[in-house]
Amino acid sequence: MGKTERIVFLSLVLDLFAFTIPLPLFPRIIEWYTVRESSDPSGFLSKTLFLVSSVRGIFYQSAQNSQRWDVVLLGGLMGSAFSTLQFLVAPQIGALSDKYGRRRILLITMLGNILSALVWVQSTSFASYMLSRVIGGLSEGNVQLAIAILSDISTPANRSKALAHVGIAFAICFCIGPPIGAYFASQPIPTAVNAWGAELNIYAVPALLTLVLLVAETIFLAATLPETRSHRPIDESSDIDNSVGSKSRGTSTAPSAQRTPQERINTLKVLRRLHLLFLGIFSGVEFTLTFLTFDLFDWSNKQNGALIGSIGVISALLQGGYVRRAISKVGEGKMARRGVFSCAVGLVFLAILPQFVSSQPTIAIRLLQGAAVCMAFTSATVVNSLTSFASLQCDEGIDKDTGKPTQDHPELAKGKALGHFRSSGQLGRAIGPLLACASYWTFGPSITYAVSGIAMLTLSVGMESVALAPK
């Protein structure tokens, strides 16, 4: 791993650690605000919960715990709102990084993230907490800019291995962030902080931890991250064959450069569509998985956390031990297709699982575990492979005289192209959980997962052209 890659990876760990800390707290945060603001039927939270309850009632009439389901759904809607904002701003952040540089725009977005955490610390109303989420959704640019930076500094032959660090950082932080957030949520606010005199959020301790991580990340990036926009890509990694590295020095000519700009633009459109459809299905499965374990197994938060954590651990091991080594031989398209097919198999397991819960619970648990392994393989392969493939379409050559990037087409500029690619995925993450919830409550888990499995299998079959397409 080269120096810049290490900087980007460490910053991603800090950023995603901060991002995952509040994830398990959403339902409890909403419950706290509900208690505080229940006496105000005209308040923002009361109106929001009434709207959620009305929408939920169209699809599902709960005989018990209806308020709990509304809180869970509102938590999902908050996640969808974040993804919707990312869908809107990701292309703009990418385009700005093409014009003004990755480093400058990344540091500006970090200031927005810090502001979001500051608002959270002091948010004693649901409206102010939602304001912090909106600021965060409009400011989050670390992941997409990290992908652009890694694309700037890596050669086409090294690209997939470099971008695998993003997936590894995700897997690590989704393992450790939520349990650490839950732990600090139970800790009292430090006396020194209470001395400020201002009323703070009930979860001010995890909010302060998030703030510290974001400030540390910003200082770290400001002190160490170089500008990579006009970087001449060379092979910094020690585990890449030297002959490949020697060929990549001097001029950077990607395999995609042998194809016309219009062909590469068309490929990017196909990849954006696949990204949208895949995450639309997959994010719905992720979100309803806790519904399934609550409904059928009556699992506690601790058990659900262990399940999600195990998926993260397996995913991290697969990315570090298998994907980084195999993807250069298998190809990005084929690797992504394998991950989509694995998800389809996992969905089949989830679809038949309810039939065994009462009669053969051991088989039901084994099916759930099998589905978790399939989803871990999917998490380790699909998004990273599609992102790497998209990045290869917008590789720019290097002018021999000036040493600066040459641009074949405005739509192929790395920041802009990868921003649009991420935007499509965020749209899938925004609508997927809502559609999956509606289906789960209306038709039940078996039909929901069976239909999702068929959709994922259809997507896998339709990816044949991508799997065989040249980079």
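Tutor: A helix, as the word is used here, is a DSSP run of H or I covering at least four residues, while a strand is a run of E covering at least two, and both are numbered from the N terminus. Ser342 is found in such a helix, α14, which takes in residues 332-352, and the chain as a whole has 18 helices and zero strands. The structure is a predicted model, in which local features need pLDDT of at least 70 and side-chain atom pairs count only at pLDDT 80 or more, whereas totals for chains, interfaces and linings use all residues. Residues are numbered from 1 along each chain as its sequence is written, and side-chain values use heavy atoms, with hydrogens and water left out.

Student: Why does Ser342 count as buried?

Tutor: A residue is buried if its relative accessible area is under 20%, exposed if that area is over 50%, and partly exposed in between (1.4 Å probe, protein chains only). Ser342 has 10% relative accessibility and therefore counts as buried. Leaving out residues up to four places away in sequence, Ser342 touches Cys374, Phe377 and Thr378, where a contact means heavy atoms within 4.5 Å.

Student: What makes Ser315 a buried residue, and which residues is Ser315 in contact with?

Tutor: The relative accessible area of Ser315 is 4%, so Ser315 falls on the buried side of the cut-off. Ser315 is found in helix α13, residues 301-330, and, apart from neighbours within four places in sequence, Ser315 is in contact with Ala171, Ala376, Ser379 and Ala380. Over the whole chain, 55% of the 471 residues count as buried.

Student: What makes Asp298 exposed, and what is its phi?

Tutor: The relative accessible area of Asp298 is 59%, so Asp298 is classed as exposed. Asp298 lies in the loop between α12 and α13, and its phi is near 55 degrees, a positive value in a residue other than glycine.

Student: Which residues have the most contacts inside the largest nonpolar core?

Tutor: A nonpolar core is a set of buried Ala, Val, Leu, Ile, Met, Phe, Trp, Tyr and Cys residues joined through side-chain atoms within 4.5 Å. The largest such set has 107 residues, and those with the most contacts inside it are Leu350, Leu368 and Met456. Helix α12 (residues 261-297) gives this core its largest share, 13 residues. Leu350 touches Val285, Leu289, Leu292, Leu368, Ala371 and Tyr449, residues up to four places away in sequence being left out. A second, separate core has five residues, among them Val323, Ala326, Ile327 and Ala380.

Student: How many cavities of 30 Å³ or more does a search of the whole structure find, and how much space lies in the largest cavity?

Tutor: On a 1 Å grid over the protein atoms alone, a cavity is a set of points where a 1.4 Å probe fits but cannot get out, a pocket is an open set with protein on both sides within 12 Å along at least five of seven lines, and lining residues have an atom within 4 Å of a point. The search finds two cavities of 30 Å³ or more, and about 260 Å³ of space lies in the largest cavity, a volume being the space filled by probe spheres set on points joined across faces, edges and corners. Of the 16 residues that line the largest cavity, Ala18, Phe19, Ser116, Arg133 and Thr210 are the closest to its centre. Helices α1 (3-20), α5 (102-121), α6 (126-139) and α10 (204-224) each supply at least two residues of that lining.

Student: How much space lies in the second largest pocket?

Tutor: The second largest pocket holds about 310 Å³ of space. Its lining has 20 residues, of which Gly280, Ile281, Leu435, Ala436 and Ser452 lie nearest its centre. The elements giving two or more residues to this lining are α12, α16 (414-443) and α17 (445-462).
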